[in-house]
Amino acid sequence: MKRIWRLWALLLVWFPQMAMSQNFDDAFKAFASQNQQSFNHFADSINRQFAAAMETHMKAFIGEEPKVRDSRPKPKQLPVLEDAPAPENLPAPIPEPESKPERDKPQPEPVPEKPAIPSAPAENLNVMDLNLFGEPLQIVKPSFPARLNGISPKDVSDFWIHLSECNYKAMVHACKTVQKQLAFNDWAVYQLVLQLAQKTYNGLYDEQAVMTVFLLNQLGLEAKVGFEKSHLFCLLAFEQQLYGISFSDVNGTRYYLFETDPKYAKQKQNYTFWTYDHSFPAPTHGLDMNIRQTMKIRHQNVETICDSCIDINMSMIELFATYPQVDIEVYANAKPSEDFSQSIDRLIKPYLADLSTLESVSFLLAYLQYGFEYAADDEQFGYEKPFFCEENYYYAKNDCEDRSILFSYLVRHLLHLDVVLIDYPGHLATAVHFPMEIGGESVVYKGKRYVICDPTYLGAPVGVEMPEYTAKDRTIIPIKKL
């Protein structure tokens, strides 16, 4: 048994970086040294009991209409404060290249050559090639069952048992190792699992749905198989609110409907589907969409924007492109890459060197107001897409949400001041807590006074609020210190 696990360790995950290889080898040796027979029996028993219960615990549910974070449309043109003087001595506006590709989705980079796989032993285990967020991976491919016999609960239950009888634990451990070594959050893990299912069952979308849910459950993430009269799909639980995606509540937990078949990709609502009303017996939790650290991908996967000023981690851009719309706090609290943060320091810190606190905030406010082209999301993308910080420099234009998220980051990162977001109907702005008394419109949160700063109101200084809004329109969204 130990000899077999050493062979799994050699081929389970192979990264281009030789420095990482030893880490993977050590991790797998530690994993292999555990009492596998006891663990395997326990895991197999859980899956068998769960699969058996799946057949008898089916209930009908309704796919409800997707939530909309703010139904009021954003302004088509940038609001302007009358007679506001144009600022001087700002960084150059973000240029738009003469020929710019469509950037609704990042353009794929060529896959770099991978080193030769070590000579396979007599067991000759198969591997599959993946390229996820610019990182080439090779992961062991267990011999999974070929097809579902149908899409009834009995068919799915039988297929689940067949999956549990394969050496899926090696693939699960590979996913956990990738998650740890590359600093994947839960959404990135879901993308990894989805790609594994797509590679394993190419074009077999029902099988992909079941395998995706199966692996997510083994990884401790809450998911169910959804049954519609013509196909299967994934039901995923999340720690945060999602928008624009149909959902249904099952025993007090909200599950969002994710299709594996492109034919059904357009989200539906108010239609009946079936799923089992019991959860996977091993501990699971909803997917956490927060980005608490940047993925640890190859350093060369960085693109410089704005005349060598701003460095963008393209792996993170690829991750962002897969994101559904989530709570604004997720975007505002996401940790930017070190490349991005350092390039922000190089670009902006020299301008702040001799400025007071108020002057520094005013400078950053004017930079956001005048340094970016404005466009509402429906004009630029055709759908609602708040930006993570780096995306403001990747895409051609931005709107009020994007500017407020970036401004809040710059103030916290460069000036170390507390910031909250101010949510109005159809608009988002910010408010800054100053260490001294500053005049103007303000809000109070947890005993602290925050002065309104609107990075979308062209020419508006610190403390000036758009005239169409009043105090009753404000909702405070707290964000974390950096």
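Check the backbone here, as phi of A183 is near 60°, a positive value in a residue that is not glycine. Most residues other than glycine have a negative phi.

**Next, N251.** Move to the loop between β7 (247-250) and β8 (253-258), where N251 lies. N251 is not a glycine either, yet has a positive phi of about 50°.

**Then R69.** Select R69 in the loop between β1 (58-63) and β2 (127-132). R69 has a relative accessibility of 19% and counts as buried, because the cut-off for buried is under 20%. Which side chains make polar contacts with the side chain of R69? One is the side chain of E401, at 2.8 Å. Another is the side chain of D423, at 3.1 Å. To display the surroundings, leave out the neighbours within four places in sequence; R69 is then in contact with Y243, Q325, I328, E401 and D423.

**On to helix α11.** Select residues 357-370, the 14 residues of α11. From its first C-alpha to its last, the helix reaches 20 Å, close to the 20 Å expected at 1.5 Å a residue. Colour the buried residues of α11: S360, V361, F363, L364, L365, A366, Y367, L368 and Q369. What do these buried residues pack against? Among the helices there are α10 (338-352), α13 (391-394) and α14 (400-415). The strands β16 (427-432) and β18 (448-453) also pack against the buried residues of α11.

**Last, colour by pLDDT.** The chain averages a pLDDT of 84, and 82% of the residues score at least 70. Over residues 1-25, however, the pLDDT is below 50. The model has 57 contacts for this stretch beyond near neighbours in sequence. Now select residues 27-42, where pLDDT stays under 50 as well. For residues 27-42 the model has 14 contacts beyond four places in sequence. Where pLDDT is low, the predicted coordinates should not be read in detail.

Definitions and conventions
Residues numbered from 1 in each chain as written. Predicted model: local features only at pLDDT ≥ 70, side-chain atom pairs only at ≥ 80, totals over all residues. Heavy atoms only, no water. pLDDT = per-residue confidence, 0-100. Contact = heavy atoms within 4.5 Å. Helix = DSSP H or I, 4+ residues; strand = E, 2+ residues; numbered from the N terminus. Expected span 1.5 Å × (residues − 1). Buried < 20%, exposed > 50% of the residue type's maximum accessible area, 1.4 Å probe, protein only. Polar contact = N/O pair within 3.5 Å; in protein donor to acceptor, adjacent residues only side chain to side chain.
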